[in-house]
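Please find my comments on this model below. They are set out as numbered points.

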Amino acid sequence: MAEDTFHFRSSRGRADRNPYVDRIKDFGSHALRAEESEPLRGHWREAIGKSADAPLLLEIGPGNGFFFAELARRHPEAAVVAVEIRFKRVWLTAKKALEAGAHNFRVIHHHSRHLPDLFEDGELDAVFIHHPDPWPKERHHKHRLLQPSFANQLARLLRTNGEVWLKSDFEPYGPLAREVFSGSDFSEIEYTADLHGRPSLEAPEDVVARFRMADVATNYEVKSRKKGARIMLAGYRRQPVS
Ligand SMILES: C[S@@+](CC[C@H](N)C(=O)[O-])C[C@H]1O[C@@H](n2cnc3c(N)ncnc32)[C@H](O)[C@@H]1O
């Protein structure tokens, strides 16, 4: 099927081959399949038991959920959502967050390409993307998350002053993030190519970031640092619509 007509459906998962297709039901409404999550578009705060003015935070690709659990735990005032394409990682993330004592979250089995099926324009307060897949071969660059069209999509889904936070150990992603988010919809609030090696961050002094969580290491960050890799951190703010 051509990529632009492909529609992500959790029912494509084969429970006979992947036990996590069924096991995500272990966590009730905390772990949702794609088709269960789309009706909640525009209603996430209410579904998670938060008031209409609560922040709505999204992590894309939480992996095994180390960071997500801490995000939900540190922000009990927020509704916190993750979108993850792998069933096992949906299960692991929901498990981690519940073990951390958090209940203010949902983990969704979905593909980031379909974020507009999940969120209304201006619904999100912050988006976190940590160690997106590198796709190093040139013929695979089209699969990279960091693309101008993706930044435009995030600009639509974020409210004014909403934040995007990125981390990566893949060196080309630092310059690529800056290029992709350098359009007029975003301003850079922070950038460093070596989060743990160099304290000097390129941020204007008057910038106050509401959802900076750079001190919380992700699973990939821990593994990469053991191998000596440098971790890039970048933060962007959604500019007011002119
Ligand atoms: C390299 S891992 C990083 C995991 C975690 N963020 C970390 O830093 O430890 C990338 C994660 O993103 C998920 N992923 C990749 N592409 C995705 C997409 N388009 N939408 C949602 N999740 C995606 C993968 O299944 C995987 O869990």
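1. Which atom of the ligand lies 3.5 Å from a backbone N or O atom of Ile 85? It is a nitrogen atom. The model is predicted, and the distances here are computed from it.

2. A polar backbone atom of Gly 61 is 2.8 Å from a ligand nitrogen atom, and a side-chain N or O atom of Arg 89 is 3.0 Å from a ligand oxygen atom. The protein buries 92% of the 590 Å² that the ligand exposes when taken alone.

3. Strand S3 (79–84) and helix H9 (219–226) are the elements that give two or more residues to the shell around the ligand. Of the 18 residues around the ligand, the nearest are Gly 61, Glu 84, His 130, Thr 218 and Tyr 220. By class, the shell divides into 9 polar, 5 charged and 4 nonpolar residues.

4. The largest nonpolar core has 36 residues, and Phe 119, Leu 154 and Phe 181 have the most contacts inside it. Helix H7 (residues 148–157) supplies the largest share of this core, 5 residues. A second, separate core has 33 residues, among them Ala 97, Ala 102, Ala 214 and Ile 231.

5. Beyond its neighbours within four places in sequence, Leu 154 is in contact with Leu 115, Val 127, Ile 129, Val 164, Phe 181 and Phe 186.

6. Gly 42 sits in the loop between helix H2 (34–37) and helix H3 (44–47). Its relative accessible area is 31%, so Gly 42 is partly exposed. Not counting residues up to four places away in sequence, Gly 42 touches Leu 118, Glu 120 and Glu 123.

Technical notes:
Residues are numbered from 1 along each chain as its sequence is written. This is a predicted model: local features need pLDDT of at least 70, side-chain atom pairs count only at pLDDT 80 or more; totals for chains, interfaces and linings use all residues. Side-chain values use heavy atoms; hydrogens and water are left out. Helices (H or I, at least four residues) and strands (E, at least two) are DSSP runs, numbered from the N terminus. Buried means under 20% relative accessible area, exposed over 50%, partly exposed in between (1.4 Å probe, protein chains only). Contact means heavy atoms within 4.5 Å. A nonpolar core is a set of buried Ala, Val, Leu, Ile, Met, Phe, Trp, Tyr and Cys residues joined through side-chain atoms within 4.5 Å. A residue is near a molecule or strand if one of its heavy atoms lies within 4 Å of it. A polar contact is a pair of N or O atoms within 3.5 Å; within protein, one must be able to donate a hydrogen and the other to accept it, and residues adjacent in sequence count only if both atoms are side-chain atoms. Accessible areas come from the Shrake-Rupley method with a 1.4 Å probe; for residues, only the protein chains shown count as cover. Ala, Val, Leu, Ile, Met, Phe, Trp, Tyr, Cys and Pro count as nonpolar, Asp, Glu, Lys and Arg as charged, and the others, Gly among them, as polar.
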